[in-house]
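Work through the exercises below with the sequence and the 3D structure at hand. Each task is followed by a solution in steps.

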Amino acid sequence: MALAMGTGIRVFEVPAAHSVGLAGLVGLGFDEDGEPQCKIGLTDDLDDDLRADVLAFGIAVLVGTPEILDESPDGILGISRQRLPQADNGPGNLAWHMLQTCGRESPSTTFRLMIIQPDE
């Protein structure tokens with residue numbers, strides 16, 4: 001959380017009931033003054049370990065591969081709840097290194113990113 005706050009990334013909670021299958025969201029939005037702002041939403045039912053891993057992954061997406069957000073029409077991607085095998089490169093690997101630097105061990109910090117389909 002300190003890294004997100006120190007870099008101006010807004011972290012907010014997302015009701016789990018509105019995000020079935022997701023651990024969170026990552027994307028670009030706007031602050032109160034209309035300025036662009038990076039944002040990470042975390043579902044409110046995550047345990048501390050999964051919360052830390054998803055947050056690190058979201059930060060890694062925003063700083064390491066922000067161009068991937070262009071795949072979504074609204075610039076927001078879902079982060080799956082299910083861990084993937086630990087990646088050797090990309091945002092999952094960067095997230096793993098960030099957590100290792102903080103002394104945290106994790107089985108995997110790699111998650112699938114998904115385009116969120118609006119309800120119709």
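A residue is called buried under 20% relative accessible area, exposed over 50%, and partly exposed in between. The model used here is predicted.

**Exercise 1.** Classify Arg 51 as buried, partly exposed or exposed.

Solution. 
- Step 1: The relative accessible area of Arg 51 is 23%.
- Step 2: The limits for the middle class are 20% and 50%.
- Step 3: Arg 51 is therefore partly exposed.

**Exercise 2.** Find the salt-bridge partner of Arg 51, and say where the two residues lie.

Solution. 
- Step 1: A salt bridge needs a side-chain nitrogen of Lys or Arg within 4 Å of a carboxyl oxygen of Asp or Glu.
- Step 2: Arg 51 meets Glu 13 in such a bridge, at 4.0 Å from N to O.
- Step 3: Glu 13 belongs to strand E1 and Arg 51 to helix H2, and the pair links parts of the chain 38 residues apart.
- Step 4: Glu 13 has 52% relative accessibility, so Glu 13 counts as exposed.

**Exercise 3.** Describe how strand E3 pairs with E1 and with E2.

Solution. 
- Step 1: E1 (residues 10-14) runs parallel to E3, and five bridges join them. Glu 13 has Leu 42 as its bridge partner in E3.
- Step 2: E2 (residues 22-30) pairs with E3 in the antiparallel sense, over seven bridges. Here Phe 30 has Pro 36 as its partner in E3.
- Step 3: The hairpin of E2 and E3 has five residues between the strands, and Gly 34 in this hairpin takes a positive phi near 80°.
- Step 4: E3 itself (residues 36-43) is mostly covered, with six of its eight residues buried.

**Exercise 4.** How many salt bridges are there, and which residues form a network of them?

Solution. 
- Step 1: The count is five salt bridges.
- Step 2: One of them joins Arg 81 and Asp 45, whose closest N and O atoms are 2.8 Å apart. Arg 81 lies in strand E4 (residues 76-83) and Asp 45 in the loop between E3 and H2, so this pair ties together parts 36 residues apart in sequence.
- Step 3: Another joins Arg 104 and Asp 53, with closest N and O atoms 2.9 Å apart. Arg 104 is in the loop between helix H3 (90-101) and E5, while Asp 53 is in helix H2, 51 residues apart. Both Arg 104 and Asp 53 are buried.
- Step 4: The network of salt bridges links Asp 49, Asp 53, Arg 83 and Arg 104.

**Exercise 5.** Is the pair of Phe 57 and Phe 111 stacked or edge-to-face?

Solution. 
- Step 1: The count is one aromatic pair.
- Step 2: The ring centres of Phe 57 and Phe 111 are 5.6 Å apart and the planes stand at 65°, so the pair is edge-to-face.
- Step 3: Phe 57 and Phe 111 are buried.

Note on methods
Residues are numbered from 1 along each chain as its sequence is written. This is a predicted model: local features need pLDDT of at least 70, side-chain atom pairs count only at pLDDT 80 or more; totals for chains, interfaces and linings use all residues. Side-chain values use heavy atoms; hydrogens and water are left out. Buried means under 20% relative accessible area, exposed over 50%, partly exposed in between (1.4 Å probe, protein chains only). Helices (H or I, at least four residues) and strands (E, at least two) are DSSP runs, numbered from the N terminus. Two strands pair if DSSP finds at least two bridges between them. Rings of Phe, Tyr and Trp (its six-membered ring) pair if their centres lie within 6.5 Å; planes under 30 degrees apart count as stacked, over 60 as edge-to-face and the rest as tilted.
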